[in-house]
Amino acid sequence: MKLFFESYFRALLATLLTAVVAVGKLPVEFSSLDWLVVANAVWVAALPPLIRFLNPNDTAFGVVKSDNKESK
């Protein structure tokens with residue numbers, strides 16, 4: 001789970017910085033609509049790690065199919 005949150009925070013940082021730069025103003029000059037754009041970046045940043053988490057072929061932190069074989 002640690003890898004999932006590390007991936008999320010990297011994506012969050014990149015997405016937030018992109019959103020702030022895309023608005024084109026200093027954060028102290030943001031309107032409520034500008035802050036809404038930046039706030040949407042929080043949930044958008046969760047998409048890449050979530051997609052990886054739901055991918056059964058992702059061995060890093062994806063949902064892994066467990067083999068129910070009995071040990072001999």
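Helices here are DSSP runs of H or I with at least four residues, numbered from the N terminus. The model is predicted. By that numbering, M1 sits in the segment before helix 1. M1 has a relative accessible area of 62%, so this residue is exposed; the cut-off for that label is over 50%. M1 and F61 lie 60 residues apart along the chain, yet their C-alpha atoms are separated by 7.1 Å.

Next come the helices. Two packed helices are described by the angle between their axes and the distance between the axes. Helix 1 covers residues 2-23 and helix 2 covers residues 32-44. Their axes are 8 Å apart, and the packing angle is about 160°. Angles over 145 degrees count as roughly antiparallel, and helix 1 and helix 2 are therefore roughly antiparallel to each other. The crossing of helix 1 past helix 2 is right-handed.

Which residues make the contact? Helix 1 supplies Y8, L12, T15, L16, A19, V20 and V23. Helix 2 supplies D34, V37, V38, A41, V42 and V44. Sorted by class, the contact of helix 1 with helix 2 holds 11 nonpolar residues, one polar and one charged.

Now take V38, a residue of helix 2. Is V38 buried or exposed? Its relative accessibility is 8%, so V38 counts as buried; the limit for buried is under 20%. Leaving out residues up to four places away in sequence, V38 touches L16, A19, V20 and F30.

Conventions
Residues numbered from 1 in each chain as written. Predicted model: local features only at pLDDT ≥ 70, side-chain atom pairs only at ≥ 80, totals over all residues. Heavy atoms only, no water. Axes fitted to C-alpha atoms, helices over the stretch in contact; angles between N-to-C directions. Helix = DSSP H or I, 4+ residues; strand = E, 2+ residues; numbered from the N terminus. Parallel < 35°, antiparallel > 145°, perpendicular 65-115°, else oblique. Left-handed = near helix turned anticlockwise from the far one by under 90°. Contact = heavy atoms within 4.5 Å. Nonpolar A, V, L, I, M, F, W, Y, C, P; charged D, E, K, R; others polar. Buried < 20%, exposed > 50% of the residue type's maximum accessible area, 1.4 Å probe, protein only.
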